[in-house]
Amino acid sequence: MKLTAIEIHNFRNYVNQTLKFSDGINVLLGENAQGKTNLLEAIYVLALTRSHRTNNEKELINWNSQTAQIKGVLQKRLGNVPIELDLGPKGKRARANHLEQAKLSTYIGQLNVILFAPEDLSIVKGSPQVRRRFMDMEFGQMSNRYLYNSAQYRKILKQRNRYLRDLHQKRQSDRVYLDVLSDQLSAYGAEIIFQRLQLLKKLENFARIIHTEISQGKEKLTFEYKTVVSKEQLGSVELIYQNLLKQFTEIKDKEIFRATTLIGPHRDDLHFVINGKEVQSFCSQGQQRTTALSVKLAEIDLMKEQTDEYPILLLDDVLSELDDFRQTHLLTAIQDKVQTFLTTTSLSGVQQELLTNPRIFKIKDGTVDLENS
């Protein structure tokens with residue numbers, strides 16, 4: 001999969017910009033606050049219909065306009081596919097191959113991207129919420145089923161939390177309806193947990209190989225998925241469902257007292273382990289960065305396995321966070337494999353001998369010039 005061209009209207013500090021990209025490495029070069037990350041964000045939003053930087057969609061629209069539009073042309077195995085996303089007061093509208101998509105969930109997956117930014121190091125050392133979001137965003141691109149179950153789970157979770165608050169505040173007294181919501185949440189939650197386990201096992205296999213290479217055979221990386229469901233009950237969706245439902249029954253009074261849902265995949269976590277030690281708590285910063293890099297590179301291989309297309313890689317000023325050894329491994333791993341967009345304030349800190357024929361875009365004040373045209 002390649003993004004051959006993009007057209008941006010009134011997105012962030014871009015008013016009107018049309019660009020054609022290289023199939024290999026595209027370098028977005030410029031000083032801070034000129035629009036490098038905004039361009040990377042436009043690609044991300046075009047892929048996932050949401051930003052990785054803000055939940056307020058109004059921030060994405062140029063302050064002189066009420067609407068924004070991003071268009072792209074994808075080169076896939078079966079031919080070129082135009083895609084389009086409109087942002088405005090009435091929400092978002094998406095088109096793929098000129099056909100409007102009734103649901104955004106049917107649009108997501110047209111363009112698959114993997115983002116690696118300095119804050120992605122927090123996948124390892126950040127909060128459980130960061131790792132849950134990581135799983136949901138990446139697995140949602142790979143599987144429409146996962147995306148659907150996640151959307152339904154969030155919907156039921158919101159309803160259930162609201163009803164728990166009503167029970168807590170004595171505005172409601174019917175616990176039968178709570179049982180109905182518990183049953184629905186358990187069903188979707190079981191699907192999510194089971195699919196997370198399946199995809200994490202495959203991701204772990206790819207990441208272990210990469211991590212072994214980077215650590216020169218000294219370290220073994222493994223994953224541990226932390227959930228309230230006992231290990232003996234993780235073998236099937238039905239077993240997980242029954243276990244969740246049983247626990248909801250047991251903690252019903254506690255949840256009403258706390259006025260919130262206390263268990264489920266929205267509370268689960270992912271731990272990374274090197275040679276038997278949890279990376280988050282007991283490993284060095286270098287080991288944490290190697291783990292994050294291994295996981296991100298493994299995503300590329302997993303995405304290819306699941307979708308039969310390589311994703312597009314977005315590197316937002318991440319090279320400055322990596323030492324020469326890890327930078328070399330990253331650039332060598334992606335060379336001639338995936339289309340890459342790389343932001344940087346200067347090429348002096350980048351090992352340019354590892355960049356084969358990059359297309360360099362000079363960015364200043366929301367305008368882009370092709371430096372090596």
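K226 is partly exposed in this predicted model, with a relative accessible area of 33%. Its side chain meets that of E224 in a salt bridge, with a nitrogen-to-oxygen distance of 3.1 Å. E224 is likewise partly exposed, at a relative accessible area of 32%. Side chains of opposite charge can pair when their charged atoms come close. In total, 24 salt bridges were counted in the model.

A second pair was found between D269 and R131, whose side chains form a salt bridge with an N to O distance of 2.7 Å. D269 belongs to strand β10 (residues 269-274), whereas R131 belongs to helix α4 (residues 128-142); the pair therefore ties together parts that are 138 residues apart in sequence. Both D269 and R131 are buried, that is, each has under 20% relative accessible area.

A further salt bridge joins the side chains of E250 and K246, with an N to O distance of 2.6 Å. Both residues lie in helix α7 (residues 237-250), where a separation of four residues corresponds to about one turn of the helix. E250 has a relative accessibility of 53% and counts as exposed. K246 is also exposed, with a relative accessible area of 52%. Both values can be set against the cut-off for this class, which is over 50%.

Salt bridges may also share partners. In this way R77, K304, D308 and E309 are joined into one network.

Key:
Residues numbered from 1 in each chain as written. Predicted model: local features only at pLDDT ≥ 70, side-chain atom pairs only at ≥ 80, totals over all residues. Heavy atoms only, no water. Salt bridge = Lys/Arg side-chain N within 4 Å of Asp/Glu carboxyl O. Helix = DSSP H or I, 4+ residues; strand = E, 2+ residues; numbered from the N terminus. Buried < 20%, exposed > 50% of the residue type's maximum accessible area, 1.4 Å probe, protein only.
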